[in-house]
Structure formats: structure tokens, C-alpha cells
Amino acid sequence: MSSTGAGSALRVHAIRVRPGQELLGTLQAFVEEKRLRAPFIVTCVSSLTKATLRLANATATKTNEVVHLSGHFEIVSLVGTLNPDAHVHISLSDFEGKTVGGHVLGDLEVFTTAEVVIGEAVDLEFTREMDEQTGFPELVVQPRPQTNQSAWMKSTGIVHLYL
């Protein structure tokens, strides 16, 4: 288990992504624009017309287990971290209520809207490092160097998230 063992103040951002936009790329652009260093998805309500997912049986040496979906889908779950090498998983429901899910590779085209709440652990920093055991870049959580922003968050009584 890898953890800083420390808590963090929490900042919350809410955004709406419009029809036809690519959801993951839009979220990553928002994270970059706001310079978020430990961002994660709190919740998402959305519908899509396309999605590209890597399925659960993929490995570091067999990454071609990919499905390209098109049609109308509701996002019933979207979770993950949004640092530069985002790690996001999704569950989608089709018009019959059947679900499919996996690791998001992109191509998430918004159908009607996407309402997304993004959290940021303002006292932490997320990076990724290659893990020899899994063969994938895995999450590394580190304390963020002290900033005035963190002190401000604490002085205003913002809710704290304990990891």
C-alpha cells in the first residue's frame, strides 16, 4: 500500500461539457488550465454517443483488448484520477439497460450534456511511475510543497479529506 498517511484539504470544481465534445480530453484540459496537481472525479452525470474502452483482461503485454462503442449510452459511473496520465474507469448503460465498462482510452463523445464534479486534494500531488510488477504506470501520492493556497484553504474552514 502506498500512501502519504496525511489528510488534505479538498477543493471542488463543477463543470458542464456540451454535446459533441470529447469528455476525457475536456476534463484533462480543465485540469491543465487550472493547474490541478491531485485531481479526481467525484461524480458525473452524462450521456454519450461513442466510447473507446480497454477491457479488464488486458495486460501490459496484451493491451489490444479494446472495444469501440457507438450508440446512445448513459454514464452510470465514472471514476478515477485526472493527473496528466489519467486513470479513469467507466460503466455505461445502453437503451436496454445492459452495462459495459472498462478503462477509458478516450473518444467519449458527449450526447446531451456532461455534468462533472472534480475534486482536488490541495495538499497532495499525484504522479505516475512504471511499476515492474504490474507493467503499468501506477499512482504515486506525495505531499505537495506548502503553498499559500493550502494555508488559505485551512484558514477558511474548507472540508478536509483524509486519505
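The structure is a predicted model, in which local features need pLDDT of at least 70, side-chain atom pairs count only at pLDDT 80 or more, and totals for chains, interfaces and linings use all residues. Residues are numbered from 1 along each chain as its sequence is written, and side-chain values use heavy atoms, with hydrogens and water left out.

The overall fold comes first. The protein chain holds 2 helices and 8 strands, where helices (H or I, at least four residues) and strands (E, at least two) are DSSP runs numbered from the N terminus. Read from the N terminus, the order of elements is β-α-β-β-β-β-β-β-α-β. Of its 163 residues, 37% count as buried; here buried means under 20% relative accessible area, exposed means over 50%, and partly exposed lies in between, with a 1.4 Å probe and protein chains only. The chain exposes about 9200 Å², and 53% of that area is supplied by carbon and sulfur atoms. Accessible areas come from the Shrake-Rupley method with a 1.4 Å probe, and for residues only the protein chains shown count as cover. Among contacts (heavy atoms within 4.5 Å) between residues at least 6 apart in sequence, 65% join residues at least 24 apart.

Next comes the interior. A nonpolar core is defined as a set of buried Ala, Val, Leu, Ile, Met, Phe, Trp, Tyr and Cys residues joined through side-chain atoms within 4.5 Å. The largest such core has 27 residues, of which L23, L78 and I90 touch the most other members. Two or more residues of this core come from each of β1 (7-17), α1, β2 (39-54), β3 (66-81), β4 and β5. Strand β5 gives the most, with 6 residues. Leaving aside residues up to four places away in sequence, I90 touches L48, L53, I75, S77, L78, V100, G101, G102, V104 and L108. Another core of 5 residues lies apart from the largest one, with A38, L124, F126 and V141 among its members.

Several residues of the strands illustrate how the chain packs. V110, in strand β5, is buried, with a relative accessible area of 2%. Its contacts, not counting residues up to four places away in sequence, are V17, R18, P19, G20, Q21, L23, S46, S47 and L48. V110 and E74 are 36 residues apart in sequence, and their C-alpha atoms are 9.9 Å apart in space. S93 belongs to strand β4 and counts as buried because its relative accessibility is 12%. With residues up to four places away in sequence left out, S93 touches H72, F73, E74, V76, K98 and T99.

Attention now turns to the pockets. On a 1 Å grid over the protein atoms alone, a pocket is an open set of points with protein on both sides within 12 Å along at least five of seven lines, whereas a cavity is a set of points where a 1.4 Å probe fits but cannot get out; lining residues have an atom within 4 Å of a point. Grid points are joined across faces, edges and corners, and a volume is the space filled by probe spheres set on the points.

H103 lies in strand β5 and is buried, at 12% relative accessible area. Beyond residues up to four places away in sequence, H103 touches T52, L53, R54, H87, V88 and H89.

The second largest pocket has a volume of about 150 Å³. Its lining is made up of Q28, V31, E32, L36, R37, L82, N83, P84, E125, F126 and T127. Helix α1 (23-34) and strand β6 (124-130) each give two or more of these residues. The lining divides into 5 nonpolar, 3 polar and 3 charged residues.

Finally, two backbone angles deserve a mention. R35 has a positive phi near 55 degrees and is not a glycine; R35 sits in the loop between α1 and β2 and is exposed, with a relative accessible area of 67%. D107, also not a glycine, has a positive phi of about 60 degrees. D107 is placed in strand β5 and counts as partly exposed, at 34% relative accessibility.

Key:
Nonpolar A, V, L, I, M, F, W, Y, C, P; charged D, E, K, R; others polar.
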